[in-house]
Amino acid sequence: MLAASTPLLLAATGELVTERAGVLNLGVEGMMIVGAACGFGGAWFTGSIIVGALCGIVAGTLLSLIFAMMTLGLAVNQVATGLALTILGVGLSGLIGAGFVGERITPAPHLYIPGLTDIPMVGRILFGEDAFVYLSLALVVAVWLFLYRTQAGLILRAAGDNHISAHALGYPVLRIRMFAVMFGGACAGLAGAYLPLAYTPFFIPGMTAGRGWIALALVVFSSWRPGRLVIGAYLFGAVTILQLHAQGLGLGIPSQFMSALPYLATVVVLVLISRARTGGSTAPAALGTVFVPDR
Amino acid sequence: MQLVLEKRAERSNTIALVSPLIAIGLTIVTMSILFAILGKNPILALGVYFIDPLTDSYSLQEIAVKATPLVMIGIGLSLCYLANVWNIGAEGQFLIGAVAGSWLAVKTQGTGAGYWVLPAMLVLSAAAGALYALIPAICKVRFGASEILTSLMLVYVADLFLDYMVRGPWRDPAGFNFPTTAEFDPVATVPVLIEGGRLHLGAIIALLVVAAATVLLGRTIKGFEIRVVGAAPRAARFGGFNSNQLILLTFAISGALAGLAGIIEVAGPVGHLQPGISPGYGFTAIIVAFLGRLNPIGILIAGLFLALTFIGGVSRHTVVLRARLRLSHSLSVSSDFPIAKGVPWGCLKRSFFRCSRHRRLCCSRPPANW
């Protein structure tokens, strides 16, 4: 369950920072899938999971830089650019990954602490996962500390809530946003790389299967707060695992209906969350708006 | 890098016309670089990719066949995008339309039903597509849920639903356990225009859709409202335009067109319902809509252009093989057939055909097409 949630959590954490800075990057899915292809390629060539993860991060960051150049540098519509980035990413990953399909690697090892991991029930869950799982949780804590306990985090949120004021106060809005977008890209790339490096030890085209979009939905679900993101991501991981188990039990429900559950759950959650928030939006006020600094 | 952007005093018509051409130019440059990296001669490669398909009747027809769904979906999407709402679930509406129309085709199979079957299928598909598109639209206007995410999620649901139908209730008993329905009856098939060719009635329907959209946007008040709501929401509110109603309308139209495209594809070139009927038409149509600058005529041209890149990426022999052998799920083989033309394309083609169940947005053509 933790493993199913981790890519969602990683990607959503990155996107949360991006959106907190006022940029809506819909290219998460594209950055993830390229991260998956490059991550697998890196690990396959070098035999090192860490190199693979770094390849994924670099690939995600590079793609996000294209997005930053278009939306921040040239003030292009963020929604359209994000969609285009996803389509680009899916095509690119097919091209990059074409040579790797069918290959296998040794997946990232699972942690094993004698004694602790052997505790019945909770031992495996708390002390028996791969390193990425703990890394993703540490990342959420770090992002929370950054956003709410540092001045830089406050400035980043200011840029996302009111870019004109932030600009008037002398903060470099576009540069802040660029770093936020790059962070989002790095996280998405890592999230994508996690899939072939730890979740399933091979690469197939389209293996992200909409996880990038679910991550975007999770950011909305979390009301742009890191803490709730963890809850949301693990809830979704639970739904994913639940449907796998239900298929295994053979309840007589067609497997396709069970596979559709995570997607249907996303729609239902989005509706409920959006409906509950009629009183006032918690979204960053300047989310998705273009900022062109005056001289 | 400090770029200073300045607002134009007015829209430049020259730029509006030239920018898609610049985009295509950049595409070709990117492709050449990619081909060079892959160790192929770019000039030769581009020739095979863009020029060869234009030289024989078969490929020309095939371009029209591929452009038909792209243009129809693209027109519908452009209405949404003009109204500044983001329907990116056209792929799902396409599939649901295909399923809905196929229902009638499957039910009337072998009953000797008359010529009403095909028109009824078209109507049914359009209605199903529209209803399916209305789900995200209603979630948007009623609850404020992001239509981008909900419409996309429903693509996966539609894909799985189609998968269930053809593997379960509608599977062809004589189909050797392939996940496909039986071949549709002639009365449930979109007729071809040229005897023995591939060009079918759908191309005419697509042209009618282009004409209708031109009239709607250029000559009617509704079209004007759609454009104003998107371009100047405040002005639209002062003007008393009901933006919620327009969101529902544009989603319904785009869903209907996508659904219609879905059944035309199934009852036309494919001939039966099976998984993988769409190599990402619903998503490619987003590019078509934008490359056509959200203008009906522009979309027609952009649709033909992207169809050309579809054809260029695939050798015609493999297409024929695919159509004949119904090997939608094991197509990775076909690229190894020695008769495949354009052997240097091996790696690209392989990725094109490798269909996983969850292939989405896919048909991994060289990304440079965009």
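What follows is a short exchange about how terms apply to this predicted model.

Guide: Residues are numbered from 1 along each chain as its sequence is written, and chains are lettered from A and ligands numbered from 1 in the order in which they are written. In this predicted model, local features need pLDDT of at least 70 and side-chain atom pairs count only at pLDDT 80 or more, while totals for chains, interfaces and linings use all residues.

Visitor: Why is B:Pro275 called buried?

Guide: A residue is buried if 20 or more other C-beta atoms, placed from the backbone, lie within 10 Å of its own, exposed if 12 or fewer, and partly exposed in between. B:Pro275 has 21 other C-beta atoms within 10 Å, so it is buried. B:Pro275 sits in the loop between helix H10 (243-270) and helix H11 (281-291) of chain B. Its C-alpha atom is 9.5 Å from that of B:Met165, 110 residues away along the chain. Of the 370 residues of chain B, 53% count as buried.

Visitor: What makes H6(A) and H7(A) roughly perpendicular?

Guide: The axes of helix H6 (residues 131-149) and helix H7 (residues 151-161) of chain A cross at roughly 75° and come within 5 Å. Axes are lines fitted to C-alpha atoms, for helices over the stretch in contact, with angles from 0 to 180 degrees between N-to-C directions. Under 35 degrees counts as roughly parallel, over 145 as roughly antiparallel, 65 to 115 as roughly perpendicular and the rest as oblique. The two helices are therefore roughly perpendicular.

Visitor: Which residues of H6(A) and H7(A) meet?

Guide: A:Phe146, A:Leu147, A:Tyr148 and A:Arg149 in H6(A) meet A:Ala152, A:Gly153 and A:Arg157 in H7(A); contact requires C-beta atoms, placed from the backbone, within 7 Å.

Visitor: How do you know which elements chain B has?

Guide: Helices (H or I, at least four residues) and strands (E, at least two) are DSSP runs, numbered from the N terminus. Chain B comes to 14 helices and zero strands.

Visitor: Where in chain B is confidence lowest, and where highest?

Guide: pLDDT is the predictor's confidence in each residue, from 0 to 100. In chain B the lowest mean, 30, belongs to helix H14 (residues 346-353), and the highest, 95, to helix H5 (residues 117-143). Over residues 315-370 of chain B, pLDDT stays under 50. The mean for chain B is 79, with 83% of its residues at 70 or more.

Visitor: What ipTM does the predictor give the complex?

Guide: The ipTM is 0.81, and the pTM is 0.82.

How values were computed
Two residues are in contact if their C-beta atoms, placed from the backbone, lie within 7 Å.
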